[in-house]
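I opened this notebook to record what I looked up in one structure. The entries follow the order in which I took up the topics.

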Amino acid sequence: MKSEPNVFSFEDLLKAPKKTTHWEGVRNYQARNLMRDQFKLGDLVLFYHSNAEPTGIFGVCEVVKEAYPDSSAWDSKNKYFDSDSKKKGINPWVMVDIKAVSRFSIPVLRDTLKDSSALKEMLVLKKGSRLSVQPVTESEFQHILQLGKPIAIK
DNA sequence: GCCAACGTTGGC
DNA sequence: GCCAACGTTGGC
């Protein structure tokens, strides 16, 4: 999952109550479908900082609540407010809850991903790959864990 | 700050 | 249904 650290960083998640957050504001159908259909309780998620210096993966989270309606879509004060969907009376957007489980003692930076032959096919490295939620293969995930040397969060 | 890639919108 | 115009994302 991608986040701009100046909006919400991995550090912010560590500081959040129960180190857990609602992943609100996804307004792209492909990303929504991934959260709705693929995210299962206990699944692990890599936390990626985009549009930042540096960009890369900073830790691992766990899905602690599967997809449910994203209430921010109907909250006119929220920056992710979707007035059209509220007018129609159908909220198409979902969120999941994720909890930080480990932080990388060595952040796996974008340059590192590019340098690793096992990882250079990762979706996030493809040109124009803007999806804020992206699938990661098991082998990619394991390689990244090795590189990041995760420290469990108590 | 630039701009390529992508998704969405809306005129036709 | 096509596609040009537009807004957004995000690496660089």
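**Entry 1. Salt bridges**

I began with Asp-12, which forms a salt bridge with Lys-15, the closest N and O atoms being 4.0 Å apart. I took a salt bridge to be a side-chain nitrogen of Lys or Arg within 4 Å of a carboxyl oxygen of Asp or Glu. I noted the background that side chains of opposite charge can pair when their charged atoms come close.

Before going further I set down the basis of these entries: the model is predicted, local features need pLDDT of at least 70, side-chain atom pairs count only at pLDDT 80 or more, and totals for chains, interfaces and linings use all residues. Residues are numbered from 1 along each chain as its sequence is written, chains are lettered from A and ligands numbered from 1 in the order in which they are written, and side-chain values use heavy atoms, with hydrogens and water left out.

I then asked where Asp-12 and Lys-15 stand in helix H1. They are 3 residues apart in H1 (residues 10-15), and therefore separated by about one helical turn. Helices here are DSSP runs of H or I with at least four residues, strands are runs of E with at least two, and both are numbered from the N terminus.

For accessibility I used relative accessible area with a 1.4 Å probe and protein chains only: buried is under 20%, exposed is over 50%, and partly exposed lies in between. Asp-12 is partly exposed at 27%, while Lys-15 is exposed at 64%.

I looked up Lys-87 next and found a salt bridge to Asp-84, with the closest N and O atoms 3.7 Å apart. Both residues lie in helix H3 (residues 83-88), 3 residues apart, about one turn of the helix. Lys-87 is exposed at 69%, and Asp-84 is partly exposed at 46%.

The salt bridge of Asp-37 is with Arg-36, and here the closest N and O atoms are 2.9 Å apart. Asp-37 is partly exposed, with a relative accessible area of 39%; Arg-36 is partly exposed, also at 39%. How many salt bridges does the rule give? The count comes to 6.

**Entry 2. Strands S3, S4 and S5**

I turned to the strands, counting two as paired if DSSP finds at least two bridges between them. S3 (residues 44-49) pairs with S4 (residues 56-69) in the antiparallel sense over 6 bridges. S4 also pairs with S5 (residues 94-109), again antiparallel, over 10 bridges.

I followed Val-60 across the pairings. Val-60 in S4 is the bridge partner of Leu-46, and Val-60 stands opposite Ser-102 in S5.

The hairpin of S3 and S4 has 6 residues between the strands, and Asn-51 takes a positive phi near 50° there. Thr-55 is found in the loop between S3 and S4. Is Thr-55 buried or exposed? Thr-55 is buried, with a relative accessible area of 18%. Leaving aside neighbours within four places in sequence, I found Thr-55 in contact (heavy atoms within 4.5 Å) with Tyr-48, His-49, Ser-50, Leu-109 and Arg-110.

**Entry 3. DNA strand C**

I listed the residues near DNA strand C, where near means that one heavy atom of the residue lies within 4 Å of the strand. They are Lys-2, Tyr-48, Ser-50, Asn-51, Thr-55, Arg-110, Lys-114 and Arg-130. By class they comprise 1 nonpolar, 3 polar and 4 charged residues. Ala, Val, Leu, Ile, Met, Phe, Trp, Tyr, Cys and Pro count as nonpolar, Asp, Glu, Lys and Arg as charged, and the others, Gly among them, as polar.

Of the atoms of DNA strand C within 4 Å of the protein, 72% belong to sugar or phosphate and the rest to bases. A side-chain N or O atom of Tyr-48 is 3.0 Å from one, a backbone N or O atom of Asn-51 lies 2.8 Å from one, and a polar side-chain atom of Arg-110 lies 3.3 Å from one.

**Entry 4. DNA strand B**

Which residues are around DNA strand B? They are Asn-28, Tyr-29, Gln-30, Lys-127, Gly-128 and Arg-130. This surface divides into 1 nonpolar, 3 polar and 2 charged residues.

Of the atoms of DNA strand B within 4 Å of the protein, 71% belong to sugar or phosphate, the rest to bases. I found a side-chain N or O atom of Gln-30 at 3.4 Å from a phosphate oxygen of DNA strand B. For Arg-130, a side-chain N or O atom is 2.5 Å from a base oxygen of DNA strand B.

How values were computed. A polar contact is a pair of N or O atoms within 3.5 Å; within protein, one must be able to donate a hydrogen and the other to accept it, and residues adjacent in sequence count only if both atoms are side-chain atoms.
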